[in-house]
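Please look over the structure shown below before reading the report. The text then takes up charged pairs, a surface patch and a few individual residues.

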Amino acid sequence: MGELRPSTSPIIAKKSAQHCEITFSAAWQNESANVKADIRLIFDHSPLLRWQVDLDSRGTDLRVEMTFATGLPGDIAAGMPFDVVSRRGRRPRWPGSSPPTCKRS
């Protein structure tokens, strides 16, 4: 049906020597349905990149699939409510330029 596209540029919402959070929104719509996602990437001292994705969808017969580029080869292990599933990513299309980066001190 469509593809969620970034609707805002990524911004660094919080940053410290040990922590960084980047936020942006993505959206898709047609005549009878729309989907909005507020996305937060959380970098900390662990080797994990945490994603918080809040979805708001309106319409019927919708299924939202989200993929994100990690810059690493191979599959991604995604934690789901009752399981861990393997996912393959695609490169997101950032509005304007490439996403911001956070460097560890």
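Predicted model: local features only at pLDDT ≥ 70, side-chain atom pairs only at ≥ 80, totals over all residues.

Residues are numbered from 1 along each chain as its sequence is written, and side-chain values use heavy atoms, with hydrogens and water left out.

**Salt bridges**

The structure holds four salt bridges, a salt bridge being a side-chain nitrogen of Lys or Arg within 4 Å of a carboxyl oxygen of Asp or Glu. In general, side chains of opposite charge can pair when their charged atoms come close.

Glutamate 21 counts as buried because its relative accessible area is 8%, whereas arginine 40, at 26%, is partly exposed; here buried means under 20% relative accessible area, exposed over 50%, and partly exposed in between, with a 1.4 Å probe and protein chains only.

**Around arginine 50 and aspartate 44**

Which side chain of opposite charge is nearest to aspartate 44, a buried residue that has no salt bridge? That side chain belongs to arginine 50, 4.0 Å away, where Lys and Arg count as positive and Asp and Glu as negative, with His and the chain ends not counted. Aspartate 44 lies in the loop between strand E4 (34–43) and E5, and its side chain makes a polar contact with the side chain of serine 46 at 2.7 Å; a polar contact is a pair of N or O atoms within 3.5 Å, and within protein one must be able to donate a hydrogen and the other to accept it, while residues adjacent in sequence count only if both atoms are side-chain atoms.

Arginine 50 itself is found in strand E5 and is partly exposed, at 44% relative accessibility. Leaving aside its neighbours within four places in sequence, arginine 50 is in contact (heavy atoms within 4.5 Å) with Arg40, Leu41, Ile42 and Asp44. The C-alpha atoms of arginine 50 and arginine 40 are 8.2 Å apart, although 10 residues separate the two in sequence.

Threonine 23, in strand E3 (residues 20–29), is buried at 15% relative accessibility. Leaving out residues up to four places away in sequence, threonine 23 touches Ser9, Pro10, Ile11, Ala13, Ile39 and Arg40.

Leucine 55, by contrast, is partly exposed at 47% and has its place in strand E5 (residues 49–58). Together with Leu49, Trp51 and Val53, Leu55 forms a nonpolar patch on the surface, with about 300 Å² of accessible area in total. Such patches are made of residues with over 30% relative accessible area and no salt bridge, nonpolar side chains (Val, Leu, Ile, Met, Phe, Trp, Tyr) being joined within 5 Å and like charges within 9 Å; accessible areas come from the Shrake-Rupley method with a 1.4 Å probe, and for residues only the protein chains shown count as cover.

Aspartate 61 lies in the loop between E5 and strand E6 (76–79) and is exposed, at 74% relative accessibility. Aspartate 61 has a positive phi of about 55° although it is not a glycine.

Methods. Helix = DSSP H or I, 4+ residues; strand = E, 2+ residues; numbered from the N terminus.
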